[in-house]
Structure formats: C-alpha cells, structure tokens
Amino acid sequence: MRLERLIELGKQHSECPRCGSSRIGGGSGMIYVDDVTFRRTCKCGWEVEVIEKGGSDNHAVTCP
Ligand SMILES: [Zn+2]
C-alpha cells in the first residue's frame, strides 16, 4: 500500500467512532498493514478493514 494512502487511512480511522478511543497498543487497539490491507481494531470490538487491489477500494467496517 502506498504511503500517502496509508497516512490518509490512518487519519480517517485514528479515532474509534464507537468509543472515541485513539489509543494504539497496550491492549487498547491495533493497526495492521500489508501490501493491500489496512486494518485498525479497537478494544471495544470495533474494527475497520480496507482492502485495496488493483485500484479498487473495498471498505468494510465491522461493528459487533
Ligand atoms: Zn472503540
């Protein structure tokens, strides 16, 4: 994933829309990134996953 895109997504999802937490690490939340995936999780169970392949943008938000 391109760095500019990564920064953009990081800004978009820096704060959990459910509990407002912006903490990463220490058991509060997690960011996972690879070539096509951006995933951000929160301690409250909220999770966003963005998968980008061949320019298409597949944006899935999970709210259990
Ligand atoms: Zn949360």
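How many C-beta neighbours does Ile31 have inside 10 Å, and does that count as buried, partly exposed or exposed? Ile31 has 15 such neighbours, so this residue counts as partly exposed. The views below are taken from a predicted model.

**Figure 1. Ile31 in strand S1 of the predicted model.** Ile31 belongs to strand S1. Leaving aside residues up to four places away in sequence, Ile31 touches Ile24 and Arg40. The C-alpha atoms of Ile31 and Gly10 lie 8.9 Å from each other, with a separation of 21 residues along the chain. The partly exposed label follows from the neighbour count of 15, because a residue is called buried at 20 or more and exposed at 12 or fewer.

**Figure 2. The whole protein chain, for orientation.** The C-alpha trace spans about 30 × 20 × 15 Å along its principal axes. The radius of gyration is 11 Å, which agrees with the value near 11 Å for a compact globule of 64 residues. Of the 64 residues, 11% are buried. Among contacts with a separation of 6 or more, 35% are between residues 24 or more positions apart.

**Figure 3. The hairpin of strands S1 and S2.** Strands S1 and S2 are paired antiparallel, with five bridges. Three residues lie between the two strands of this hairpin. One of the paired positions is Met30, whose bridge partner in S2 is Thr41.

**Figure 4. The hairpin of strands S2 and S3.** Strand S3 covers residues 47-53 and runs antiparallel to S2, to which five bridges join it. Phe38 has Val50 in S3 as its bridge partner. Four residues separate the two strands of the hairpin. In the turn, Gly45 has a positive phi of about 105°.

**Figure 5. Two glycines in the loop between helix H1 and strand S1.** Helix H1 spans 3-12 and strand S1 spans 29-33, and Gly26 sits in the loop between them. Gly26 counts as exposed because 7 C-beta neighbours lie inside 10 Å. Gly26 and Lys43 are 17 residues apart in sequence, and their C-alpha atoms are 9.9 Å apart. Gly20 is also in the loop between H1 and S1. With 9 C-beta neighbours inside 10 Å, Gly20 counts as exposed. From Gly20 to Glu49, 29 residues apart along the chain, the C-alpha separation is 18 Å.

**Figure 6. The annotated segment, residues 1-48.** An unreviewed UniProt entry carries the annotation "domain: DUF3797" over residues 1-48. In the model, this segment is 21% helix and 27% strand. The C-alpha atoms at the ends of the segment are 16 Å apart.

**Figure 7. Confidence in strands S2 and S4.** The mean pLDDT of the protein chain is 89, and 92% of the residues reach 70 or more. Confidence is highest in strand S2 (residues 37-42), at a mean of 95. Confidence is lowest in strand S4 (residues 56-62), at a mean of 70. Where pLDDT is low, predicted coordinates should not be read in detail.

Note on methods. Residues numbered from 1 in each chain as written. Predicted model: local features only at pLDDT ≥ 70, side-chain atom pairs only at ≥ 80, totals over all residues. Rg over C-alpha atoms; globule rule 2.2 N^0.38 Å. Contact = placed C-beta atoms within 7 Å. pLDDT = per-residue confidence, 0-100. UniProt positions renumbered as here; feature names shortened; annotations may be inferred. Pairing = 2+ DSSP bridges.
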